[in-house]
Amino acid sequence: MWGDGDTPSKNHERWGNHWMAWSYWIFVLEDAARTIGEQSHHHVAQDGEVVMPAVLAVRAMLLGYAIECAMKCSWIKQGNKMVKNGKFIGVPGAGADHNLVQLGKIVGFKPTPRESDVLTRLSKFIRFAGRYPIAKHPDDMAPREIDGLGKVDVGFFSKADFRSCLSILNKLMTAISGKKRRTFQPLGTQHYLIRADRAALGKKLNRQ
């Protein structure tokens, strides 16, 4: 999809404004998150505290990006553009700090209070908790009070939080496709592979 066209500029505009291209990456990101979730799990420590392997913070980040893609996919499906006159314009008013609650409000997604709380915390995983040791601002790293758990580390995401993420994704995808979905289909087919440049690859194979 990145190289199948006349010019990089035309590809940029074509796929940037094509809702199915954004849908494609929702599947890719969710599948990567699922793979991590199948290998790492929350567990209870000897003192009875529930602990989370740090790699699950990366899973949260990937789900956050998947939800962000789904919201932008919905924006395009409504007839809007992400690329205009050769420039990426994104979703006007959403800002550049991955605020999923604000983005959802603009694209018309109405979360429950529980979902809104999860999206607020999930945005921090996109910004720093799923990829960096610190945030840009120290106040972002302060522990957060969560019902039923008390004060928890900003990098902690519960099993219930992950379930809420999948529920949000399914709601967004249902709105986009018009078909009710319970889970995402696993990938692994040829359709989802990113290939090297065919011409260059052909020349390399001929030399071998």
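This is a predicted model: local features need pLDDT of at least 70, side-chain atom pairs count only at pLDDT 80 or more; totals for chains, interfaces and linings use all residues.
1. Helices α2 and α3 pack at an angle of about 165°, so the two are roughly antiparallel to each other.

2. The axes of α2 and α3 lie 8 Å apart, and α2 passes α3 in a left-handed crossing. By class, the residues of this contact comprise 19 nonpolar, two polar and four charged.

3. Helix α2, residues 19–39, also packs against helix α6, residues 159–177, at an angle of about 160° and with the axes 12 Å apart. That angle makes α2 roughly antiparallel to α6. Here too the crossing of α2 past α6 is left-handed. On the α2 side the contact is made by Trp19, Ser23, Ile26, Phe27 and Glu30, and on the α6 side by Leu166, Leu169, Met173 and Ile176. Seven of the residues in the contact of α2 with α6 are nonpolar, one is polar and one is charged.

4. The arrangement of α5 and α6 may be set beside these. Their axes come within 10 Å and cross at roughly 105°; α5 and α6 are therefore roughly perpendicular to each other. From α5, the residues Arg114, Glu115, Val118, Leu119, Arg121 and Leu122 meet Ala160, Asp161, Ser164, Cys165, Ser167, Ile168 and Lys171 of α6. The contact of α5 with α6 has six nonpolar, two polar and five charged residues.

5. Side chains of opposite charge can pair when their charged atoms come close. With a limit of 4 Å from a side-chain nitrogen of Lys or Arg to a carboxyl oxygen of Asp or Glu, the count comes to eight salt bridges. Three of these pairs are described in the points that follow.

6. Helix α3, residues 55–77, holds both Lys72 and Glu68, which are four residues apart, or about one turn of the helix. Their side chains meet in a salt bridge at 3.0 Å, N to O. Lys72 is buried, with a relative accessible area of 15%, and Glu68 is likewise buried, with a value of 9%.

7. A further salt bridge joins the side chains of Asp117 and Arg144 at 3.1 Å, N to O. Asp117 belongs to helix α5, residues 113–129, and Arg144 to strand β5, residues 144–146, so this pair ties together parts that are 27 residues apart in sequence. Asp117 is partly exposed, with a relative accessible area of 23%, and Arg144 is partly exposed, with 30%.

Notes
Residues are numbered from 1 along each chain as its sequence is written. Side-chain values use heavy atoms; hydrogens and water are left out. Axes are lines fitted to C-alpha atoms, for helices over the stretch in contact, and angles run from 0 to 180 degrees between N-to-C directions. Angles under 35 degrees count as roughly parallel, over 145 as roughly antiparallel, 65 to 115 as roughly perpendicular and the rest as oblique. A crossing is left-handed if the near helix is turned anticlockwise from the far one by less than a right angle, and right-handed if clockwise. Contact means heavy atoms within 4.5 Å. Ala, Val, Leu, Ile, Met, Phe, Trp, Tyr, Cys and Pro count as nonpolar, Asp, Glu, Lys and Arg as charged, and the others, Gly among them, as polar. Buried means under 20% relative accessible area, exposed over 50%, partly exposed in between (1.4 Å probe, protein chains only).
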